[in-house]
Amino acid sequence: MTPAFPGSVLFCCDHNSVRSPMAEALMKRLYGTRAYVQSAGVKNDREIDGFAVAVCHELGVELARHRVRSFDQMKGWGDDLASFDLVLALSPASHHRALDLTRHHALTVEYWPVLDPSGLGETREEKLTYYRQTRDQIIARLLDRFGPPENPLPDRISIPPVGRDRESP
C-alpha cells in the first residue's frame, strides 16, 4: 500500500549537485504540482554536475538551471524546513543531518540509499552509465513510493522495480 501523497518534499544529499537535484527534477516531471518539491545538500561547495544534467536531459528533464544550496542557505533564505511533510535523504551524511533536524521540527525522514556516481568510471560513456544507474534508481524509488506518475516518462527507458527481492545499492 502506497503511503499518502505528501504536500511537500525535500530531497537531500551531500552537495546538492547530483542526486538530490536529479530527484527534485524527476519528481516534478513525474508528479507535476501535486507536491511542493525542493532539494538541498549538507554542503553547497559544488555546481550542478554536467553528467547529471546530461542523463536527465535524455528524458526531457531540465536540470541545467539548478542552483545548489545547503540546509543552512535554505534557513537563511527563509525556507521553513519544518514546513516539509517529508524529507528524503539520499546519502548517509544528509540522512544524519535530516535526523538532526527532527530534534527541532516534527519531520518525517526516509533514507533512500542511492548510488553516488561522481568519481566512478574512466571514460565519458562509463561515467554516463553510472549516472544513468543513479537516475534510474531514483525513478524506481519515486514510482515505488508515490505510485503511478501523472506524466509518464518516455517508453525508451526501462526502470527496474524497487522491491524486497532487490538489494539496495
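Predicted model: local features only at pLDDT ≥ 70, side-chain atom pairs only at ≥ 80, totals over all residues.
Residues are numbered from 1 along each chain as its sequence is written, and side-chain values use heavy atoms, with hydrogens and water left out.

Let's start with the helices. Helices here are DSSP runs of H or I with at least four residues, strands are runs of E with at least two, and both are numbered from the N terminus. Two packed helices are described by the angle between their axes and the distance between the axes.

Take helix α2, residues 50-57, and helix α5, residues 124-146: their axes come within 9 Å and cross at roughly 65 degrees. Axes are lines fitted to C-alpha atoms, for helices over the stretch in contact, and angles run from 0 to 180 degrees between N-to-C directions. Angles under 35 degrees count as roughly parallel, over 145 as roughly antiparallel, 65 to 115 as roughly perpendicular and the rest as oblique. So α2 and α5 are roughly perpendicular to each other. On the α2 side, F51, A52, A54 and V55 meet R124, K127, L128, Y131, R132 and R135 in α5, where contact means heavy atoms within 4.5 Å.

Now, how do α1 and α5 lie to each other? Their axes come within 10 Å and cross at roughly 50 degrees, and α1 and α5 are therefore oblique. From α1 the contact takes R19, M22, A23, L26, M27, L30 and Y31, and α5 brings Y131, T134, R135, I138, I139, L142, L143 and F146.

On to the open spaces. On a 1 Å grid over the protein atoms alone, a cavity is a set of points where a 1.4 Å probe fits but cannot get out; a pocket is an open set with protein on both sides within 12 Å along at least five of seven lines; lining residues have an atom within 4 Å of a point.

The largest pocket holds about 240 Å³ of space. It has 14 lining residues, and E24, K28, R65, H66 and R67 are the closest to its centre. Helix α1 gives the largest share of that lining, four residues.

Finally, the largest cavity has a volume of about 60 Å³. Its lining is C13, D14, H15, S17, V18, R19, R46, D116 and S118.

Notes: Points joined across faces, edges and corners; volume = space filled by probe spheres on them.
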